[in-house]
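Hi,

Here is the structure I promised to send over.

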Amino acid sequence: MMKPLHFLFAFLMFSLLISTSVKHEYYVSVTKVEYSKKAQSLQIISQIFIDDFEKLLRERYDETITLDSKDENKLVEEYMSRYLSDKLKLKVNGKSLNFKFIGREYKDDITYCYLEIENVSQINSIHVVNKVLFDVFPDQQNIVRLKLKNKNKSFLLTPSKDSCLLNFD
């Protein structure tokens with residue numbers, strides 16, 4: 001079980017790093033998963049530091065990629081979608097579901113990736129695997145925040161524990 005102090009430290013560091021534009025020393029992402037009963041969909045926002053994501057995309061796909069520029073490669077969204085599909089997995093009620101990459105935007109030093117899983121009518125359990133940037137940064141930590149069925153739960157994932165499960169039974 002995650003120690004609350006570690007989570008608090010990681011969350012505070014991420015918050016501090018978002019508000020500064022200096023090179024960061026900690027590698028943290030935040031992925032929020034919310035259920036929209038009206039739309040019957042899981043709405044996901046994954047927040048990743050621009051420079052970290054850029055480093056990953058350069059190493060994996062194209063060394064000339066520059067994020068958040070006027071000359072950004074038209075393939076960037078495809079690369080982001082492909083990478084996130086490989087590293088971010090969700091199961092609802094034990095069934096693997098694929099998300100649709102809606103788009104991305106840049107704010108301050110963060111890339112916001114918007115994802116959605118449609119046609120989710122009932123949630124008894126949700127299992128999330130988040131290996132984003134573990135292949136580039138061994139110290140990477142990924143915070144997963146779930147807001148489903150009047151429950152708010154946060155998990156701190158690391159390369160040695162890259163998944164979390166929330167049951168509603």
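Some housekeeping before that. This is a predicted model, so local features need pLDDT of at least 70 and side-chain atom pairs count only at pLDDT 80 or more, while totals for chains, interfaces and linings use all residues. Residues are numbered from 1 along each chain as its sequence is written, and side-chain values use heavy atoms, with hydrogens and water left out.

Let's begin with helix α3, residues 76-87. Helices and strands here are DSSP runs (H or I, at least four residues, for helices; E, at least two, for strands), numbered from the N terminus. The expected span of a helix is 1.5 Å times one less than its number of residues.

The buried residues of α3 are Val76, Tyr79, Met80, Ser81, Tyr83, Leu84 and Lys87. Buried means under 20% relative accessible area, exposed over 50%, and partly exposed in between (1.4 Å probe, protein chains only). The cover over those residues includes α2 (50-60) as well as strands β2 (41-49), β3 (88-92), β5 (100-107), β6 (110-117) and β7 (125-130).

How do α2 and α3 pack? Their axes are 11 Å apart, at an angle of about 95°. Axes are lines fitted to C-alpha atoms, for helices over the stretch in contact, and angles run from 0 to 180 degrees between N-to-C directions. That makes α2 roughly perpendicular to α3 (65 to 115 degrees; under 35 is roughly parallel, over 145 roughly antiparallel, the rest oblique). On the α2 side the contact (heavy atoms within 4.5 Å) is made by Phe53, Leu56, Leu57 and Arg60. From α3 come Tyr79, Met80, Tyr83, Leu84, Asp86 and Lys87.

Now the salt bridges, of which there are 12. The rule is a side-chain nitrogen of Lys or Arg within 4 Å of a carboxyl oxygen of Asp or Glu.

- Glu78 and Arg82 have their closest N and O atoms 2.8 Å apart. Both are in α3, four residues apart, so about one helical turn separates them. Glu78 is partly exposed at 40%, and Arg82 is partly exposed at 40%.
- Arg104 and Glu77 meet at 3.0 Å, N to O. This pair links distant parts of the chain, with Arg104 in β5 and Glu77 in α3, 27 residues apart.
- Arg58 and Glu54 come to 3.5 Å between their closest N and O atoms, and both lie in α2. Arg58 is partly exposed at 34%, whereas Glu54 is buried at 14%.

Over to the strands. β7 and β10 run antiparallel, joined by five bridges (two strands pair if DSSP finds at least two bridges between them). Val129 has Ser163 of β10 as its bridge partner. In β10 (residues 163-167), Cys164 and Leu166 form the covered face, while Ser163, Leu165 and Asn167 are on the uncovered one. In a regular strand the side chains alternate between the two faces of the sheet.

Last, a loop residue. Gln40, between β1 (28-36) and β2, is partly exposed at 36%. Its C-alpha atom is 5.1 Å from that of Val120, 80 residues away along the chain. Beyond its neighbours within four places in sequence, Gln40 contacts residues including Tyr35, Ile117 and Val120.

Cheers
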